Amino acid sequence: METLVTQSFGREAEYRRAILCVWSYWAYVGFRKVVLFTDAPDFFDPYFKNQPVEYVLLTPDKMTAMRGKIDFLHRMKIAMIEEAFQLTSTNILYVDSDTFFIADPSALLRLVSEKKTFMHKNEYRFDSLRDMRLPAAESFHAFLDLIEARTFLGANGSPLPVSTLQYSWNAGAMILHKSHATLLPDIYALTDQFYPPTLNHASEQYAFSIILQTHSEIDSCEDIVYHYWYRVKKTIMDTWLSNTLTTDWIKLPLEKKFESVRNWVFILPDYLENHILSLHDRAIQAFHDNQFRIGWSYAIRTLLRDPSAIHWRDLLYHLRRNLRYLIEKK
């Protein structure tokens, strides 16, 4: 058996994300225990009434302590998982609130062990960070420079194996064996050494990735969760959730709630991928990377959906860039 752990604080949009996250989990496994770290338990009560949710109150002082001396927001994830292990004797299924379940996690939950862990997905090897374009990738280059130059110490003062040949795994979802609580001091230690000199927002993710792949085999759990971490997808989801998680939905019988949630998680991945805001964003990103054929494909799809979605002045600008690019390649 496992405990689902998630976090949600700061504003109503964040709270609604967590509500879908938790209900999508229950839609597959039934009403199993959830530990929710939040600054607003009262907001969730109508949505989780009479269900097995344990709230851990995030006060300003508690959040400050979790961020540590390095004052790093994502360090809180380590602290929450640490406290969750103290609250339960089970394995931990941790998910960020900007996730929802798209499949039954039970099969993967049975596989986790002291030597087997799961993270959302394998994103890249650390040495590939050198290929990321500056100046946007400055903090990633800084991280690569750091791990090439320094030796890192664990919580007990012993050197930790950190290599550019290791991989970064997305930490938006993780399945951890209860024995992995003993690894958290070293995850803290790496995070505290990574963040101050690089200001890289993925420092805690890198620490989880390095320590877990050192002590276990990591596999992907991407097939069971959809993680909409990207800002455009968050914007789409926040609008959708505000229109969907209404007081009328709260009043539905349990079976109707389950039915609606199962339908939502079935349609949402396609909805997010093909929303006009996603198409528009992919067009802009492709143009900026000089991938003009891809950019025009997404631009045309966007214009067919809504002719006013892209300014014609912007299209002319990228058309001129495209022509100049073709001329220069000859």
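In what follows, an axis is a line fitted to C-alpha atoms, for helices over the stretch in contact, and an angle between axes runs from 0 to 180 degrees between N-to-C directions. Two packed helices are described by the angle between their axes and by the distance between the axes.

In this predicted model, the pair to consider is helix α6, residues 138-149, and helix α7, residues 184-198, whose axes come within 9 Å and cross at roughly 125 degrees. The crossing in which α6 passes α7 is right-handed. On the α6 side the contact is made by Ser139, Ala142, Phe143, Leu146 and Ile147, while α7 contributes Gln193, Phe194, Pro197 and Thr198. Sorted by class, the residues in this contact of α6 with α7 are six nonpolar and three polar, with no charged residues.

Turning to the whole protein chain, its secondary structure comes to 14 helices and 13 strands. The radius of gyration of the chain is 22 Å, close to the 20 Å that the globule rule gives for 330 residues, so the chain is as compact as a globular protein of that length. Taken along the principal axes, the box filled by the C-alpha atoms is roughly 65 × 55 × 40 Å. Of the 330 residues, 51% are buried, and among the contacts with a separation of 6 or more, 73% are accounted for by residues 24 or more positions apart.

Where does Leu199 lie? Leu199 is found in the loop between α7 and α8 (203-215), and this residue has a positive phi of about 55 degrees although it is not a glycine. With a relative accessibility of 57%, Leu199 counts as exposed, because the cut-off for that class is over 50%.

Asn50, placed in the loop between α2 (41-48) and β3 (53-57), is likewise not a glycine and has a positive phi, here of about 70 degrees. Its relative accessibility is 73%, and Asn50 therefore counts as exposed.

Conventions:
Residues numbered from 1 in each chain as written. Predicted model: local features only at pLDDT ≥ 70, side-chain atom pairs only at ≥ 80, totals over all residues. Heavy atoms only, no water. Helix = DSSP H or I, 4+ residues; strand = E, 2+ residues; numbered from the N terminus. Left-handed = near helix turned anticlockwise from the far one by under 90°. Contact = heavy atoms within 4.5 Å. Nonpolar A, V, L, I, M, F, W, Y, C, P; charged D, E, K, R; others polar. Rg over C-alpha atoms; globule rule 2.2 N^0.38 Å. Buried < 20%, exposed > 50% of the residue type's maximum accessible area, 1.4 Å probe, protein only.
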